[in-house]
Amino acid sequence: MKFFQKRSFFSFMIALGVGANLFCGAVLTARAEVIDYQALAEANLSIPVESNEIKNWPEGPILNARSAILMDADSGAILYAKNIHEKLYPASTTKILTAYIARQNSELNEMIEYSDTAVHSIDWRSDSNIGIKAGEAITMEQSLYGLLVGSGSECGNAIGEHISGSMEAFVDLMNQTAKELGCTDSHFVNTNGKHDDNHYTSTHDLALIGQKFFSDDVLCRMSDTVSYKIPASATLSQDLIPNSKNKLLPGKTYAYEYLVGSKTGYTANARSNLVSCAQKDGLKLICVVMMEESPQQFKDTISLFDYGFSNFSSVTASKEDTTYQVKNGDLFANTFNQSDILSIDPDAKVLLPDTLTFADLDSELSYDNLKDGQAAVIHYSYEGQDLGSAPILFSSITPFDFSAEPVSETESAAIATADGSSKADANSVQSSASNAQSSTDSSGTDGNVNASSANGSSGTQGATSAQAGTTASESVASTTSPTAVSTPGGNVIFLNVRKILLAVSIVAVILIVILVIRSILIGHSRNRKRRDIMKRHRNRKDEIIDFDRYTDPFA
């Protein structure tokens, strides 16, 4: 009986083990099906590329990324767009926002003490870190290197506490800043990208954040660094050496020649993300890819950069668009000595696909949110795609001083002499001025007094040469500006008689035309009233009009 009992017990244990094995196998099989990210990446190939659907737009590559964007850093124009507004987990690419806010609110030499909360609120087994201990302190600069090179999650926490007093307050600042930058798909709950279902963003929003991040030369340098050493000090127990896992950086597998900076991000939920910036031939581009399988994020980033540099260029709006400018030759411009009354901001850039010309672009004037000196803003687009904007600026108009004192005959003669000599060669003018200065210097030096005396009145000659040089210099200046004369009181009077006379003549002609028109209208009115009076008199049959005695009431 005991035998059978023991046998039943062993059978039960065996059955239990087999059942548990089968159950675990089923769970693992189900789990394997859920996390088959390679299959998902292949499925991402079927997600449409919105930018490829634009008429006459350069066709972009097909990527494994679930979401990807290529943006012009200067104009904000989007060159390539694939599913750019889907909310995805950013992982450590969150840290570019943390770093940007830190740069806006601190100095690099500020000391940051790492609290117990900042250090121990991360999982040291799974979250990236640089190994600093609670209670130790390093500078803001070293913390940013730790954040961007070593992707130290505790660095993000300590920076947040230093800036805002607590990580929670800093997260509020992150969300506020993201909103100010135009982000519409984002919500952050921590400083470093540690996974949380409520911590998300999009490639579009990361590109907007990247615009600001990569406009800072310090942050660009940090995010392009392979390895960095934080030496031991009185506040740090040992050397810390953060190393980057970014394979786009110099010396790495996919090193990109034109890279400005880059930041990686990875968690099991987010997969591989990458935010990068590159510059070539005057074109600065920002690329973001999200939810990739490594190392495809590096390959796809390079493909997008090559696509952008090969098919687009950045053009200066003021050189291409003359619609909103008043040029030389216009009556108003000539009258008031202005080359441009309105002009397009010379620094404004517009993105131009190589498949289009500037004339193919649509332009629209906006008068909203203008800054000082702006008359309007031109927005350029093509098929609904924003390609950049350019402010229209007011040119400064130099007013003529009608209250200035008249110019004397001597000063007029000096002006005539200056105008006559304005055709002299500029090199001769400089030579005369140099000789004058040399003579003056030699006459005023103790060691050269005898030499000056031997040459006879060299001081006088030097003064004469200096005056000639000054007069000649003024004459050269007069060729590009109104004639200027210095009065004894030190004031400068600008003379432009011909243009003043032209302006006065125009005003006089306009007044004469107005008077003639007024006279014609008055005469016409009087004649009409006179005819009406005569008509009424004729209608009176019993009255004979004696025209010899009739007095015109309007005469």
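Modeller: Buried means under 20% relative accessible area, exposed means over 50%, and partly exposed lies in between (1.4 Å probe, protein chains only). The model is predicted, so local features need pLDDT of at least 70 and side-chain atom pairs count only at pLDDT 80 or more, while totals for chains, interfaces and linings use all residues. Residues are numbered from 1 along each chain as its sequence is written, and side-chain values use heavy atoms, with hydrogens and water left out.

Biologist: Is Asn-369 buried or exposed?

Modeller: Asn-369 is found in the loop between strand 11 (362-366) and strand 12 (374-382); helices (H or I, at least four residues) and strands (E, at least two) are DSSP runs, numbered from the N terminus. Although Asn-369 is not a glycine, its phi is positive, about 55°. Because its relative accessibility is 76%, Asn-369 counts as exposed.

Biologist: Is Asn-83 buried or exposed?

Modeller: Asn-83 is placed in the loop between strand 2 and helix 3 (95-105). Its phi is near 55°, a positive value in a residue other than glycine. Since its relative accessibility is 18%, Asn-83 counts as buried.

Biologist: Which peptide bond is cis, with omega near 5°?

Modeller: Most peptide bonds are trans. The exception to look at here involves Pro-295, which lies in the loop between strand 7 (283-292) and helix 10 (296-311). The cis bond, with omega near 5°, runs from Ser-294 to Pro-295.

Biologist: How many of the 12 residues of helix 6 (residues 153-164) are buried?

Modeller: At 1.5 Å a residue, helix 6 should span 16 Å, and its end C-alpha atoms are 17 Å apart, which agrees. The buried residues of helix 6 include Ser-153, Cys-155, Ile-159 and Glu-161. Helix 6 is largely enclosed by the rest of the structure, because the number of its 12 residues that are buried is 9.

Biologist: What is the phi of Gly-76 in the turn of the hairpin?

Modeller: Strand 1 (residues 67-72) and strand 2 (residues 78-82) run antiparallel and are joined by 4 bridges; two strands pair if DSSP finds at least two bridges between them. Ala-68 has Lys-82 in strand 2 as its bridge partner, and 5 of the 5 residues of strand 2 are buried. Strand 1 and strand 2 form a hairpin with 5 residues between them, and Gly-76 in the turn has a positive phi of about 80°.

Biologist: What distance separates the C-alpha atoms of Lys-229 and Asn-243?

Modeller: Lys-229 lies in the loop between helix 9 (217-222) and strand 5 (259-267). At 48% relative accessibility, Lys-229 counts as partly exposed. Lys-229 and Asn-243 are 14 residues apart along the chain, and their C-alpha atoms are separated by 9.0 Å.

Biologist: Which helix gives the largest share of the lining of the largest cavity?

Modeller: The structure holds 1 cavity of 30 Å³ or more, where a cavity is a set of points on a 1 Å grid over the protein atoms alone at which a 1.4 Å probe fits but cannot get out, and lining residues have an atom within 4 Å of a point. The largest cavity has a volume of about 40 Å³, the space filled by probe spheres set on the points, which are joined across faces, edges and corners. Tyr-37, Leu-40, Ala-41, Asn-44, Arg-271, Met-291 and Glu-293 line the largest cavity. The largest share of this lining, 3 residues, comes from helix 2 (residues 37-43).

Methods
1 Å grid on protein atoms, 1.4 Å probe; cavity = no way out; pocket = protein on both sides within 12 Å on 5 of 7 lines; lining within 4 Å. Expected span 1.5 Å × (residues − 1).
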